[in-house]
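Trainee: Please take me through one part of this model in close detail, and then show how the rest sits around it. I would like to start from where the copies meet.

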Number of protein chains: 2
Amino acid sequence: MSTPDFTLDPRLVKDTVPITSLKICQVLLMQDSSYPWLILVPNIPDLRDIDELNTAQRNQVMAEIDLASKALKTLFAPDKMNVANLGNIVEQLHIHIIARYKTDLAWPGPVWGKRPPVAYEAQALDALVEKLRTALTIA
Amino acid sequence: MSTPDFTLDPRLVKDTVPITSLKICQVLLMQDSSYPWLILVPNIPDLRDIDELNTAQRNQVMAEIDLASKALKTLFAPDKMNVANLGNIVEQLHIHIIARYKTDLAWPGPVWGKRPPVAYEAQALDALVEKLRTALTIA
């Protein structure tokens, strides 16, 4: 369902590490070690809001949100998942999937704008990317 | 798809006005005139996260998110829609659907925890509830 003329927003490119491509979404890891935080971006140009997807697209996006949520739950055993499409700063439709702990820096508030991101160290990042790729591989 | 033993969280009851019941979700209006803000709550007991829904349920929830988003867009012509399941304070699964403007009090940040809610005046509330009920009626 992707299209050849899709380009990832430059701010998303800068703030994230690519993990994998699912059937409709690119999966990115937010470069912020404060929270296990994935971002899904449907590979469709000129999208801003979820209600611009057709039924097949939105059901597939929902299936991929489900897959990503379950992967983070399995890997991180969080207290709660946050799933959100805000897009007030980066307009391109992207969905945050964030594993939250009652002990994390922003709890119980939302994570956005709370603290400057703390980048992963190189070795930890490599290991995490590998784990996430494995967890997100559809059998 | 609803079940008889579902009870709406008391904090959601306190903070919102009931609008209507769709096939799977109750639709509530947040009692905060700062933002056009609906909350969808699937009528299923003991839910916390979106990934606890089965495929049919989550596709239906997505269809109702779509309906609610389009209703707010039609009525309010916002600059952006925010759609989010956070649930860090109220654990019962509920999905925020918020019409945002570049001129609103919290822009470009998220709305949660930004300003104390400003309740609607009675007459304005009645008119808005009526408009929302009409917009959310599935033909």
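Mentor: Contact here means heavy atoms within 4.5 Å. Keep in mind that this is a predicted model. On that basis, 100% of the interface residues of chain B are also interface residues in chain A, so the copies meet through the same surface. The geometry can be stated as well: a rotation of 180° with 0.0 Å of shift along its axis places chain B on chain A, with an RMSD of 0.0 Å. That is the relation of a two-fold axis. In chain B, the C-alpha nearest the axis belongs to B:Ala84, which is 2.0 Å from it.

Rolling a probe the size of a water molecule over the atoms shows where empty space is left. The structure holds one cavity of 30 Å³ or more, and the largest cavity contains about 90 Å³ of space. Its lining has 14 residues, and the closest to its centre are A:Ile50, A:Ile65, A:Val83, B:Ile50 and B:Val83. Two or more lining residues come from each of α2 (55-76) and β4 (80-85) of chain A, and from each of α2 and β4 (80-85) of chain B.

Now helix α3, starting with chain A. Residues 122-135 form α3(A), a helix of 14 residues that spans 20 Å from its first C-alpha to its last, close to the 20 Å expected at 1.5 Å a residue. Its buried residues are A:Leu125, A:Leu128, A:Val129 and A:Leu132. Seen down the axis of α3(A), these fall within an arc of 105°, so they line one face of the helix. An α-helix has 3.6 residues a turn, so residues three or four places apart point the same way. On the other side of α3(A), A:Gln123, A:Asp126 and A:Thr134 are exposed. The cover over the buried residues of α3(A) includes β1 (16-21), β2 (25-30), β3 (37-42) and α2 of chain A.

Chain B can be read in the same order. The buried residues of α3(B) are B:Leu125, B:Leu128, B:Val129 and B:Leu132. They cover an arc of only 105° around the axis, which puts them on the same side of α3(B). B:Gln123, B:Asp126 and B:Thr134 are exposed on the other side of α3(B). The partners that its buried residues pack against are β1 (16-21), β2 (25-30), β3 (37-42) and α2 (55-76) of chain B.

In chain A, the peptide bond between A:Trp107 and A:Pro108 is cis, with omega about -5°, and A:Pro108 sits in the loop between β5 (95-100) and α3. In chain B, a cis bond joins B:Trp107 to B:Pro108, with omega near -5°, and B:Pro108 is in the loop between β5 (95-100) and α3 of that chain.

Two residues have a positive phi without being glycine. A:Ala77 has a phi of about 45°; it lies in the loop between α2 and β4 of chain A and is exposed, at 57% relative accessible area. B:Asp46 has a phi near 65°; this residue is in the loop between β3 and α2 of chain B and is exposed, at 75%.

The cut-off for buried is under 20% relative accessible area, and at 19% A:Asp15 counts as buried. Leaving aside residues up to four places away in sequence, A:Asp15 touches A:Leu29, A:Met30 and A:Gln31.

Conventions:
Residues numbered from 1 in each chain as written. Chains lettered and ligands numbered in written order. Predicted model: local features only at pLDDT ≥ 70, side-chain atom pairs only at ≥ 80, totals over all residues. Heavy atoms only, no water. Least-squares fit on C-alpha atoms with pLDDT ≥ 70 in both. Buried < 20%, exposed > 50% of the residue type's maximum accessible area, 1.4 Å probe, protein only. Helix = DSSP H or I, 4+ residues; strand = E, 2+ residues; numbered from the N terminus. Arc of directions from axis to C-beta. 1 Å grid on protein atoms, 1.4 Å probe; cavity = no way out; pocket = protein on both sides within 12 Å on 5 of 7 lines; lining within 4 Å. Points joined across faces, edges and corners; volume = space filled by probe spheres on them. Expected span 1.5 Å × (residues − 1).
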